[in-house]
Amino acid sequence: MNDETTHPISGYCSGERCGICRQGATHKVSEVIFDDDPQPYRHPLTRYVCCRCFKTIMGNAVPCTVEPRRWIT
Ligand SMILES: [Zn+2]
Ligand SMILES: [Zn+2]
């Protein structure tokens with residue numbers, strides 16, 4: 001569990017690791033499959049992520065009280 005966050009964390013994240021940085025996972029992201037995908041009925045790709053990585057890809061609208069990662073320094 002990540003005590004940097006102030007939002008609820010699903011029990012489904014328990015025991016999962018961020019697919020990017022390997023910290024404890026607090027979110028899960030899923031691919032959107034568009035109607036014009038060559039295989040529109042396939043299962044979307046999913047990945048568990050931590051708050052920092054989630055904020056990095058989703059932006060400041062997320063409720064996570066952490067700084068986003070800096071990919072380029
Ligand atoms: Zn991460
Ligand atoms: Zn979060």
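## Ground rules

The model is predicted, so local features need pLDDT of at least 70, side-chain atom pairs count only at pLDDT 80 or more, and totals for chains, interfaces and linings use all residues. Residues are numbered from 1 along each chain as its sequence is written, while chains are lettered from A and ligands numbered from 1 in the order in which they are written.

## The overall plan

The chain has one helix and two strands. Helices (H or I, at least four residues) and strands (E, at least two) are DSSP runs, numbered from the N terminus. Read from the N terminus, the order is β-β-α.

How much of the chain is buried? Buried residues account for 18% of its 73 residues. A residue is buried if 20 or more other C-beta atoms lie within 10 Å of its own, exposed if 12 or fewer, and partly exposed in between; C-beta atoms are placed from the backbone.

Two residues are in contact if their C-beta atoms, placed from the backbone, lie within 7 Å. Take the contacts between residues at least 6 apart in sequence: 45% of them join residues at least 24 apart.

## The core

A nonpolar core is a set of buried Ala, Val, Leu, Ile, Met, Phe, Trp, Tyr and Cys residues joined through C-beta atoms within 7 Å. Which residues form the largest one? It has nine: Cys18, Ala25, Tyr48, Val49, Cys50, Cys51, Cys53, Phe54 and Cys64. Two elements, β2 (46–49) and α1 (51–58), each supply at least two residues of this core. The largest share, three residues, comes from α1.

## The helix

Just after the helix comes Gly59, with a positive phi of about 90°.

Arg52 sits in helix α1. Is Arg52 buried or exposed? Arg52 counts as buried because it has 20 C-beta neighbours inside 10 Å. Leaving out residues up to four places away in sequence, Arg52 touches Val66, Glu67, Pro68 and Arg69. Take Glu67: it lies 15 residues from Arg52 in sequence, and their C-alpha atoms are 6.2 Å apart.

Gly19 lies in the segment before β1. Gly19 has 15 C-beta neighbours inside 10 Å, so it counts as partly exposed. Beyond residues up to four places away in sequence, Gly19 touches Arg47, Tyr48 and Val49. Gly19 and Cys50 are 31 residues apart in sequence, yet 8.3 Å apart from C-alpha to C-alpha.

Ile20 is in the segment before β1 (27–30) too. Ile20 has 17 C-beta neighbours inside 10 Å and therefore counts as partly exposed. Which residues does Ile20 touch, not counting residues up to four places away in sequence? They are Val49 and Cys53. Ile20 and Cys50 are 30 residues apart along the chain, with 8.3 Å between their C-alpha atoms.

Arg22 counts as exposed because it has 9 C-beta neighbours inside 10 Å. Now look at its backbone. Phi of Arg22 is near 75°, a positive value in a residue other than glycine. Most residues other than glycine have a negative phi.

Thr6 is found in the segment before β1 as well. Thr6 has 10 other C-beta atoms within 10 Å, so it is exposed. Setting aside neighbours within four places in sequence, Thr6 is in contact with Pro63 and Thr65.
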